[in-house]
Amino acid sequence: MKRYICSIIIGMVVILSIGTYYVKVVSSASGLPKYTFKTLEGSDKELDPVIIHGSLEVNPIYEPLTIESNQTIYASERSYFENLSGIQDFQIERLIKEHRSFMRGRDSINSLYEDDDFLAYASVNEDFTKNGKMEAEFDIALLEKKGEDETSFSLELPDQERIMNVVVRDVQLVHSKLQVLTMNDVNSNDEKQTIEVHLYTIDLANKKVLSDKTLLSETFTYPNQVELEMPTDIAPSQPNSMVLISLIKGVNHEDRPYEYKPKESKLLSYHYETEKIETVKLPKKESLSPDMARGGYADGKKLYIVDTKSDKYHIKTLDLSSQKITNDMELDLAVNKKEQNFAAFKNGRVYFLLGSGRDQEGVLTSKPAQLLITDYKTGKTLYKGETVTNKKNGKNYGFNIDGLEVK
């Protein structure tokens with residue numbers, strides 16, 4: 001009898017907790033401004049696949065939000081269980097719906113690979129012992145879609161005693177072997193810092209690490225600085241024959257701004273089939289740099305770079321095989337270097353979003369966000385709009401944009 005009473009009490013507590021949660025949701029979300037895009041040019045139907053992730057940031061308010069199909073949804077308006085799993089990007093949501101069991105607890109798009117037959121996953125789990133040493137292992141999983149057969153296992157990360165941190169940046173399935181590209185912070189045991197790019201080849205059939213190849217290693221001492229970054233992958237979970245890595249060198253001066261060293265920086269490409277890493281020759285007459293390239297968008301064949309050197313934004317397309325600019329699209333938006341910009345390339349369109357900038361104290365400005373959708377081939381503007389709010393005081397809120405997605 002006591003057991004049943006305990007169960008009833010626990011059930012009532014859960015129901016009351018969820019009820020209290022929804023009461024708070026209604027009261028908190030009702031007073032917040034709703035943001036939508038006001039159409040200035042083109043058809044608002046172009047907004048249907050657009051998803052914008054952002055937040056309101058006015059002390060003490062911090063409220064995540066999503067604008068999807070031109071409707072604002074706050075995190076506090078989502079269900080209790082949706083918020084337990086967090087706000088996922090569209091690609092992750094699709095994979096969860098299609099392969100719920102396989103995707104449980106796996107929410108990093110850079111750790112996923114998908115083709116017509118397989119869905120693969122590779123991440124690194126890290127932990128530190130009481131002695132301060134890192135223990136790390138691969139979490140590997142493979143799903144054969146046709147029969148829904150799943151294989152999962154763990155493997156010890158090679159040479160882990162010298163590694164401080166590991167971030168998985170790309171996963172590919174090449175000749176039945178899983179290729180896992182990572183960026184590693186290495187313990188140098190002195191004032192020096194070392195960062196490396198590693199490629200781990202994993203034998204799925206025999207469940208072992210076949211090789212650990214260091215593609216790139218850079219050691220530096222403060223005030224020198226080295227950054228290894230990858231341009232945003234347009235389709236991060238899809239098969240790709242190559243990846244781009246931007247190596248940026250500079251100096252952190254105490255008495256003057258950061259000094260970027262263009263002559264020592266470079267853009268590199270790694271080809272999975274040939275296993276070669278090469279330097280990409282950026283066209284000098286276009287004044288493109290590795291620093292600009294790291295903020296670009298890549299699809300394995302082309303690199304799309306946002307150029308802000310003129311009074312209008314330009315999207316320049318670098319063909320990676322010929323290493324030449326094949327398209328230079330001028331966008332109908334004036335350049336404002338204080339504003340964040342985001343781009344997406346899908347459905348034959350370029351989606352370009354300008355977020356609110358920040359003042360010298362880091363406070364968000366109240367300027368509306370601007371969205372431009374352009375036909376990639378013709379350069380024709382299909383849609384142009386800016387955010388408006390239903391609240392008279394809505395402009396007093398700090399509206400921050402975190403990302404742009406397109407279904």
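1. The largest pocket is lined by 44 residues, and Gln 91, Asp 233, Ile 234, Ala 235 and Pro 236 are those nearest its centre. A pocket here is an open set of points, on a 1 Å grid over the protein atoms alone, with protein on both sides within 12 Å along at least five of seven lines, and lining residues have an atom within 4 Å of a point.

2. This is a predicted model, in which local features need pLDDT of at least 70 and side-chain atom pairs count only at pLDDT 80 or more, whereas totals for chains, interfaces and linings use all residues. Residues are numbered from 1 along each chain as its sequence is written, and side-chain values use heavy atoms, with hydrogens and water left out.

3. The largest nonpolar core has 23 residues, with Ile 52, Leu 353, Leu 371, Phe 399 and Leu 404 having the most contacts inside it. Such a core is a set of buried Ala, Val, Leu, Ile, Met, Phe, Trp, Tyr and Cys residues joined through side-chain atoms within 4.5 Å, where buried means under 20% relative accessible area with a 1.4 Å probe and protein chains only.

4. Leaving aside neighbours within four places in sequence, Leu 353 is in contact (heavy atoms within 4.5 Å) with residues including Phe 37, Ile 52, Leu 371, Ile 401 and Leu 404. A second, separate core of 22 residues includes Ala 122, Met 134, Ala 136 and Leu 142.

5. Phe 37 and Ile 52 also line the largest cavity, together with Leu 47, Val 50, Ile 67, Ser 69 and Asn 70; a cavity is a set of grid points where a 1.4 Å probe fits but cannot get out.

Technical notes. Buried means under 20% relative accessible area, exposed over 50%, partly exposed in between (1.4 Å probe, protein chains only).
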